[in-house]
Amino acid sequence: MSSTELPETRSAAASPASRIRTVRVADGEELRSVALPGLTLTVRARPGDRPGLPPALYVHGLGGSSLNWSTLMPLLADTVDGEAVDLPGFGDSPPPDDGNYSVTGHARAVIRLLDAGGRGPVHLFGNSLGGAVATRVAAVRPDLVRTLTLISPALPELRAQRGAWPTALLALPGIAPLFSRLTRDWTAEQRVRGVLGLCYGDPGRVTDEGLRHAVEEMERRMALPYFWDVMARSSRGIVDAYTLGGQQGLWRQAERVLAPTLLVYGRRDRLVSYRMARRAAVAFRGSRLLTLPDAGHVAMMEYPETVAQAARELIADHGGS
């Protein structure tokens with residue numbers, strides 16, 4: 001349920017915002033800010049290689065940002081006109097006015113973004129928390145989703161992976177401030193290496209440049225005054241979503257999804273159990289399943305070419321252009 005960032009002396013009179021490092025923008029990407037009532041979202045665009053390509057929207061996981069898609073997006077630029085959103089409070093998006101970090105709140109933010117931009121229906125991608133959000137969007141607003149690609153979606157499990165326990169603990173009142181105090185002496189690189197160990201099947205695949213970018217982004221995020229609050233509230237949102245029953249339950253909503261769906265699971269995922277792949281393949285009717293034996297939680301960053309090819313085939317078979 002976590003994902004990591006991989007492809008970036010103030011004076012006494014300076015404002016707190018001036019201490020925050022600017023977010024990294026890869027070559028070929030564009031950032032823009034979308035102001036909505038009570039909500040401002042940062043969108044990272046990777047325009048398609050030619051005019052007229054269908055739109056795609058990418059949604060990151062807990063602790064991640066639109067940067068999590070910077071490796072995959074250029075590989076699909078021949079197929080879609082891509083945009084990746086920073087969910088409220090993550091990446092370069094400020095917290096929402098209502099402080100709602102539930103899965104439903106994040107889904108509403110995505111729906112409002114799509115409605116405001118008139119880009120739907122889109123080819124919708126989601127990883128981890130973003131996979132749960134994308135599932136909810138596809139279930140309640142099928143008119144906005146042309147195809148759905150879910151990479152290690154955070155759907156309820158009866159027996160959570162041991163690696164996911166910290167997320168559940170972070171949801172408990174008082175744990176986030178305690179953890180902040182206990183880890184105050186950790187360097188950004190120590191934090192990043194810990195996240196990589198959870199998210200990657202083989203952390204050794206991360207390049208030196210990728211590690212440097214991740215450390216810089218971690219330093220930027222840790223300087224944000226709302227960092228721990230957003231993490232705690234979003235963790236609580238995932239836990240709450242796991243307990244919902246009836247029509248609001250995520251598995252029930254998965255059964256309602258009409259969009260053609262690609263499911264991607266890594267056998268080395270320490271956060272979302274590979275065991276859930278079979279259940280997901282049944283719940284999402286007529287879905288395709290891609291299993292990667294050496295991948296962890298963020299296959300679009302670990303094996304982007306393989307994920308891109310599977311997504312390209314799905315899109316080509318279901319109204320890609």
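This is a predicted model: local features need pLDDT of at least 70, side-chain atom pairs count only at pLDDT 80 or more; totals for chains, interfaces and linings use all residues.

Residues are numbered from 1 along each chain as its sequence is written, and side-chain values use heavy atoms, with hydrogens and water left out.

**Whole chain.** Colour by secondary structure: the chain has 11 helices and eight strands. Helices (H or I, at least four residues) and strands (E, at least two) are DSSP runs, numbered from the N terminus. Of the 321 residues, 55% are buried; buried means under 20% relative accessible area, exposed over 50%, and partly exposed in between (1.4 Å probe, protein chains only).

**The cores.** Select Leu 124, Leu 148 and Phe 284, which touch the most other members of the largest nonpolar core, a set of 54 residues. A nonpolar core is a set of buried Ala, Val, Leu, Ile, Met, Phe, Trp, Tyr and Cys residues joined through side-chain atoms within 4.5 Å. Around Leu 124, display its contacts (heavy atoms within 4.5 Å): leaving aside residues up to four places away in sequence, these include Leu 57, Val 59, Ala 134 and Val 137. Apart from this core lies another, of 37 residues, among them Trp 69, Leu 72, Leu 76 and Ala 308.

**Helix α9.** Select residues 276-283, where Met 276, Ala 277, Ala 280 and Ala 283 are buried. Seen down the axis of α9, these buried residues fall within an arc of 125°, so they line one face of the helix; the arc is that of the directions from the helix axis to the C-beta atoms. They pack against α8 (250-256), β7 (261-266) and β8 (288-292). Arg 278 and Val 282 are exposed on the other side of α9.

Which residue does the side chain of Asp 317 meet in a polar contact? The partner is the side chain of Arg 288, at 2.7 Å. A polar contact is a pair of N or O atoms within 3.5 Å; within protein, one must be able to donate a hydrogen and the other to accept it, and residues adjacent in sequence count only if both atoms are side-chain atoms. Asp 317 belongs to helix α11 (residues 304-317) and is exposed, at 51% relative accessible area.

Next, select Arg 220 in helix α6 (residues 208-222). Arg 220 is buried because its relative accessibility is 2%. Its side chain makes a polar contact with the side chain of Glu 217 (2.8 Å), and one of its polar side-chain atoms lies 2.8 Å from the backbone oxygen of Gly 91.

- The peptide bond from Gly 120 to Pro 121 is cis, with omega near 0°; Pro 121 lies in the loop between α1 (103-117) and β5 (122-127).
- Ser 128, in the loop between β5 and α2 (129-140), has a positive phi of about 60° although it is not a glycine, and is buried at 0% relative accessibility.
- Ser 152, in the loop between β6 (145-151) and α3 (165-170), has a positive phi near 45° and is buried at 1%.
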